[in-house]
Amino acid sequence: MVNCCGLLTAKKEPVPLTHIEVELQVKDHVATVISTLKYENKEDKPLEAVFVFPLPGDAAVCHFSAQVGQIHIVAEVKEKQQAREEYDDALSSGQQAFLLEESEQSPDIFSMSVGSLPPGESASIRLEYVTELAVQADDGLRFCLPAVLNPRYQPQGSEGVSVQVTSVPASLVPYSLSFCARVSAPRPVSKVESSSSLEPLQYLNTDQTQATVKLAAGHKFDRDVELLIYYKDAHQPTAVVEKGQASAKPGTLMGDPVVMVSLYPEFPQSVLSSPASCGEFVFLMDRSGSMGCPINNSKRQETRISSARDTLLLLLKSLPVGCYFNIYSFGSRFEHIFPTSVEYSEKTMEDALKKVEQMQADLGGTEILQPLKHIYSQPCIPKKPRQLFIFTDGEVGNTKEVIDLVKKNSGSHRCFSFGIGEGASSALINGMAKEGGGHAQFITGTDRMQPKVMQSLRFALQSAVEDISVTWNLPKKVSATVLSPPITALFQGQRSLIYAQLSGQISQSAEAAESFVTVKYSLAGQPSQNQLHFSLKSAEDTGLTVHRLAARTLIRSLESEEGAHRQQQNKEVKEKVVELSVQSGVSSSFTAFIAVNKDSGESIQGPLLRRNVATASPMMMACSAPVPKMGALKKCRSKRSAMSAPPMNMASDSEFMLDSIDLCIEDAKDLAPKHSHRDPLLQLVSLQKASGCWLLDAALASALGRTSKEVEKSKPGPVNKKVWATILALIWLHAFNMDAKEEWELLAAKAASWLRAQNASCGTDCVDAGNALLGCSVQKDALGV
């Protein structure tokens, strides 16, 4: 297997993908991605190549074309079954054909069939999609070009074709990638960062609102290409009006102007400073075999499951007194620490931590549906709002079914989701958070899981926003039809997007008149509102990006509605989706892109060779984790199904196999050290009590880097031992771990609250004594006591 290349056929022969060229165009917080994939048939027979590859889950594919020799073929969007039949008919008659379709199980998986390439012929395929860029914890906009499609676990007994592929070393991939990005915004671009090596950022104008950046040469296909784009004044609300398509009928989505409104709610400080919510916190942790993979390639000793354990420690220490909690873990089966959620106390916290310390990636496949059903079957605790935190590397085959379940129960909880490692399904992670009224985070590259999770906990501790409404104030004879689903969640500093179709007469006077949109809501019993003023004048040079994103938003809403009535076979909704998809040229689960070269002259002679590929793909590489021993692989195959591929022209008895590590438990355990040295911060945090205080003992002295004698001797005489220990811990956090403040800020606030409740003497003299002992100079005010 060492001599094999990255793209393999059933007979271990190379698939003829020779080069990938990706152009990224970012305008404010919207991205257009243009990928050109070049193929060559080096065999002596006509070739059909079938690829399965990932795209961002919220992407709207809007263009698919092929260049074969001097002939350019542009694909059309058609109802899926009709497109498949046309593709089959074309191949049967010896014509060249191309088919692109979205998976019915997960909207972030696509299959592409390149049919009837003659011997020696080359083809260049162009794929274009648009997507919104998610806002990260540090205000960066995240773009991810998926390079990894992990095998999606398909629960036993479920329908769908099971597809497997061979994993090979990234260094042996025979094709190259060129990637460049152009960024433009109404405000300056401050920086662009990536876990991959980039060439220096180049500004194109003096006000730095336009810039370009390229991927450095030598990029290996062992990870996603991820960009983080930072603007100055990133939280400014904006509105973009895009004129309709000239050839489209007025009154239709594509014929009318569309406005995209981006809002950043600012909550009153009095509400934000109110006491933390004492709700019910339910943590659902993935313990499938793939969680034994390294979380990134630079620190291979840190596995996804070990990082998850550390994160649960921080979460448990940061929970507010008076809340309820429980921890579930899942794989092929699921477990829970307590039969039902329990009140947070010293005993229940310690009991939970003992179980957390024992967690390994040893529960088999990734079946998230059953534990979710069990959690939702548990009655909610009165006056304790339920907050669900889901941690997974996102390798499931029934994505839409999981999202539908979260949506069905959205009225009883908020859902915060975390995608861990390369290849986590963006459709699953974003979908659960969106339908559950929460927030999604992705932990990739060199990211630490803890700060992102703690940011979501801060969101969860905010009071739920209620009675959200959106009103429009527009010139006479102009009306707005909102295309986005109703806003169900608002968080301080987070973006909310609204798409609306503008109908009526937009004259020059209407463009000059002031329009505004108002979002009203109630927070902690206080009515509040945010307002954005904007002009109806159409933006220049936007293409149809806003229309396509609006169409994608409406299509996803309709698909979700159809999913909720799947048993009743909601034909009317499906027909609406197909009509909108065809009209807008945007992909859906019910349509496909089909291109047939009807001008190729003579039909292609000879038997057609099929080349099925499902892990190394046009924008994807197989998992770069170590390949397990063959003995372990044989054990794996009996324990798991593989990725559920999109329905396509593929033999169900596919011969190619993926020797994946995601359920090879023996090898996954070997990736992590048996007795790793605990991080000093986590060592100190692990000693904190549920109330927020620390005890004055040898363990604390060791964590502070001092002896028990030194700590005892330095204590001011009248000060209580717990008070002294807690002040020392807080001083140590502020003096030596400010770079990790996001991780310990909540538990430090709980400690400060405990100190204030003691009415104990912890004045300047006490803090000065702590500074003297630890060799630092932290001010008392900084401690919050």
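Reader: How many disulfides are there?
Author: The model is a predicted one, and the count of disulfides in it comes to zero.

Reader: Is C766 buried or exposed?
Author: C766 has a relative accessible area of 4%. The cut-off for buried is under 20%, so C766 counts as buried.

Reader: And what about C380?
Author: C380 counts as partly exposed, because its relative accessibility is 38% and that class lies between 20% and 50%.

Reader: How much of the whole chain is buried?
Author: Of its 785 residues, 59% count as buried. The chain has 20 helices and 34 strands.

Reader: Let us turn to the strands. Which strands make up the open sheet that contains β11?
Author: The sheet has four strands, in the order β10-β11-β17-β14, and their pairing is antiparallel. β10 and β14 (189-194) are the edge strands, each pairing on one side only.

Reader: What holds paired strands together in general?
Author: Strands of a sheet pair through backbone hydrogen bonds, either parallel or antiparallel.

Reader: How many bridges does β11 make with β10, and how many with β17?
Author: β10 (residues 134-135) and β11 are paired over two bridges. In these, A134 has R142 as its partner, and V135 has L141. Between β11 and β17 (residues 225-231) there are five bridges, again in the antiparallel sense. On that side L145 stands opposite V225.

Reader: Why is β11 described as largely enclosed?
Author: Five of the five residues of β11 (residues 141-145) are buried, so the strand is largely enclosed by the rest of the structure.

Reader: Which way do its side chains point?
Author: L141, F143 and L145 point one way from β11, while R142 and C144 point the other way; all of them are buried. In a regular strand the side chains alternate between the two faces of the sheet.

Reader: What does L733 touch?
Author: Apart from neighbours within four places in sequence, L733 is in contact with L681, L684, W694, M738, W744, L747 and A748.

Reader: You mentioned F391. Which ring does it stack with?
Author: F391 forms a stacked aromatic pair with F418, at 4.7 Å centre to centre and with 10° between the planes. F391 lies in strand β24 (residues 386-392) and F418 in strand β25 (residues 413-420), so the pair ties together parts that are 27 residues apart in sequence.

Reader: One last point: where does K191 lie?
Author: K191 lies over the face of Y230, at 4.7 Å from the ring centre.

Notes
Residues are numbered from 1 along each chain as its sequence is written. This is a predicted model: local features need pLDDT of at least 70, side-chain atom pairs count only at pLDDT 80 or more; totals for chains, interfaces and linings use all residues. Side-chain values use heavy atoms; hydrogens and water are left out. Buried means under 20% relative accessible area, exposed over 50%, partly exposed in between (1.4 Å probe, protein chains only). Two strands pair if DSSP finds at least two bridges between them. Contact means heavy atoms within 4.5 Å. A disulfide is a pair of cysteine sulfur atoms within 2.5 Å. Rings of Phe, Tyr and Trp (its six-membered ring) pair if their centres lie within 6.5 Å; planes under 30 degrees apart count as stacked, over 60 as edge-to-face and the rest as tilted. A charge sits over a ring if NZ of Lys or CZ of Arg is within 6 Å of the ring centre and within 35 degrees of the ring normal.
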